[in-house]
Amino acid sequence: MLFKNTLIALILCAFFGYCKNEDAEDKTARTYGLVAMAQSSAATNASATCKNCHSETSELGRKILWAKEGWDESVHKNGYKGALWTKTGSNCSYNSTTKAWTCTDGTKPTFNDWSVIGYEWHGSDAFYSNGGGCQRCHTHEGFREFVETYNLNTTNYDAAIGTAAVKWPSNIGCFTCHSPHTNGSFDLLVKNGTTVTTNIGTTYNKAKGSLCASCHQIRGPSSTQTVNDYLIAALKGSGISTRSTAHHGPQADVLMGKGGAQEPSSTYGAYSNSRHTTETGADCITCHQVYDSNTSTAERYGLSAAVGGHAFAVTGIVHGAESAIAIGCATSGCHTVPTGSTANSSFAKKATTDDGMIRKGDAYLQTGSSAYYTQLNTTFKALANPDDVSGSNTGCTGLLSKAATAAGTKITWATLADGVTIDPRCDPSSLTTLKDSSAGNDSNSTRFARAYWNFMLVKEDKSKGVHNYKYLSELLYDSCEDLKKILSDTTTSCGTRP
């Protein structure tokens with residue numbers, strides 16, 4: 001009997017692909033678990049039951065394989081994917097020894113001198129797995145614990161403070177979001193339509209995307225604390241630094257029009273939102289996952305595995321060209337088919353030109369001087385000034401750098417020096433900690449901190465304004481105008497407030 005059970009286990013092990021290096025305890029548990037499953041299912045034919053999901057010939061099996069193809073291309077698995085640039089113009093050359101540019105007309109290289117030649121991954125999410133507090137979203141175990149209890153006991157993950165800590169928490173994967181073997185279905189762990197309250201108290205109540213919103217939130221301020229109060233407390237405490245920002249995933253808050261360091265409405269005006277905030281169907285899944293939210297077979301499976309689906313990307317290379325999905329945008333009651341698409345096209349071709357720090361191609365739906373990306377470009381340039389070649393921060397000496405210097409600290413920028421970068425082109429790579437024990441609402445240090453927060457909020461949202469262009473544009477405009485007051489700057493243009 002033991003031989004028969006072991007044989008069954010080995011067959012199942014081979015079928016499911018579980019035979020790999022495991023320690024003795026894990027292997028034993030796995031073996032006897034599979035034996036028990038086979039024995040309990042004998043009357044109903046375990047093979048047929050399992051093959052419903054684990055067969056490449058069943059509809060569900062093919063969908064799982066397609067989902068895995070997309071997941072293998074995703075940021076969630078591989079980390080951020082940044083653009084690789086190469087110099088194509090003849091205007092300028094770069095001296096790697098002096099780390100300086102020589103341009104025939106005395107200017108800094110513009111985007112016309114560069115071309116995107118591809119993309120590369122910038123590290124996996126998995127390296128956060130043992131970081132204090134990061135496990136809630138960056139590990140399978142931490143996320144499951146959090147969404148089941150809406151609390152995370154960090155002693156379970158940090159061996160320095162918890163003797164029973166998970167020694168090797170794993171990266172997020174299929175079973176982080178789905179529990180098919182427990183529930184008998186692929187329902188999400190946080191079901192669509194579930195109201196999610198973020199760290200800062202924002203209510204996310206969209207038709208879909210509740211699971212996404214469980215992680216893609218601002219960290220730092222509490223639900224009983226405004227961003228302004230948080231920044232003042234930080235200035236009076238450990239200080240403001242690069243880490244004193246909205247983190248790398250503020251999308252749920254931004255989409256709902258929350259999370260900015262807002263100026264008093266009496267100064268510049270009230271804050272407004274794009275229709276993405278009020279439209280229930282303008283959610284994470286409809287726009288990013290596509291084939292799960294569209295019933296047309298031609299549109300669902302016409303894209304690369306790296307675009308839409310479980311890759312969650314809205315742009316990518318399709319048939320050799322950089323393209324953007326448009327199915328979600330053209331949902332009934334939303335946008336018409338974007339420029340560059342045909343009536344039933346699965347994607348819209350991106351524009352080929354660039355304008356400063358925001359790529360025009362990422363706007364899709366608007367053209368002309370009134371397009372929202374024009375306003376974002378104007379304020380981004382004013383705050384970081386990527387074309388300024390004076391001073392020690394070559395290429396990035398806008399209002400933020402000047403205000404930081406006036407406050408006794410300094411921003412170090414990452415620029416386009418070697419031809420490899422990501423947008424926006426001026427990326428604050430570090431900020432000397434700024435402290436102010438007497439900080440208040442009107443202190444220059446607080447006003448700088450608000451502008452820095454808003455700049456990073458727009459950058460970290462990564463949608464280049466698409467999620468909520470009105471709110472983000474207004475935040476940047478207000479910050480730009482306020483820094484001009486601090487610096488007595490009468491020449492820099494902040495554009496027009498939407």
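A: About 450 Å³ of space lies in the second largest pocket, where a pocket is an open set of points on a 1 Å grid over the protein atoms alone, at which a 1.4 Å probe fits, with protein on both sides within 12 Å along at least five of seven lines. The volume is the space filled by probe spheres set on the points, which are joined across faces, edges and corners. The model is predicted, and for that reason local features need pLDDT of at least 70 and side-chain atom pairs count only at pLDDT 80 or more, while totals for chains, interfaces and linings use all residues. Residues are numbered from 1 along each chain as its sequence is written, and side-chain values use heavy atoms, with hydrogens and water left out.

The lining of this second largest pocket consists of 24 residues, and T226, N228, G260, A261 and Q262 are those that lie nearest its centre; a lining residue has an atom within 4 Å of a point. Helix 11, helix 19 and helix 20 (469-487) are the elements that give two or more residues to that lining, with helices (H or I, at least four residues) and strands (E, at least two) taken as DSSP runs numbered from the N terminus. Sorted by class, the lining holds 6 nonpolar, 12 polar and 6 charged residues, where Ala, Val, Leu, Ile, Met, Phe, Trp, Tyr, Cys and Pro count as nonpolar, Asp, Glu, Lys and Arg as charged, and the others, Gly among them, as polar.

Helix 11 (residues 227-236) is largely enclosed by the rest of the structure, because 7 of its 10 residues are buried, that is, under 20% relative accessible area, with exposed meaning over 50% and partly exposed in between (1.4 Å probe, protein chains only). These buried residues of helix 11 are V227, N228, Y230, L231, I232, A234 and L235, and N228 is also one of the residues nearest the centre of the second largest pocket. The buried residues of helix 11 pack against helix 19 (444-461), a contact meaning heavy atoms within 4.5 Å.

Between helix 19 and helix 20 there is a loop that holds both K462 and K464. K462 has a phi near 65°, a positive value in a residue other than glycine, and K464, likewise not a glycine, has a positive phi of about 55°. The two lysines fall into separate accessibility classes: K462 counts as partly exposed because its relative accessibility is 36%, whereas K464, at 18% relative accessibility, counts as buried.

Helix 19 and helix 20 also take part in the surroundings of helix 18 (residues 399-406), whose buried residues pack against helix 17 (372-384), strand 10, helix 19 and helix 20. The buried residues in question are L399, L400, S401, A403 and A404. After helix 18 comes G408, with a positive phi near 85°.

Strand 10 runs antiparallel to strand 11 (residues 427-431), and 4 bridges join the two; strands pair if DSSP finds at least two bridges between them. In this pairing, A414 stands opposite D427 in strand 11.

Elsewhere in the chain, T202 sits in the loop between strand 5 (196-197) and strand 6 (203-204) and is buried, with a relative accessible area of 4%. When residues up to four places away in sequence are not counted, T202 touches V196, T197, D253, M256 and K258.

Among contacts with a separation of 6 or more, 61% are accounted for by residues 24 or more positions apart.
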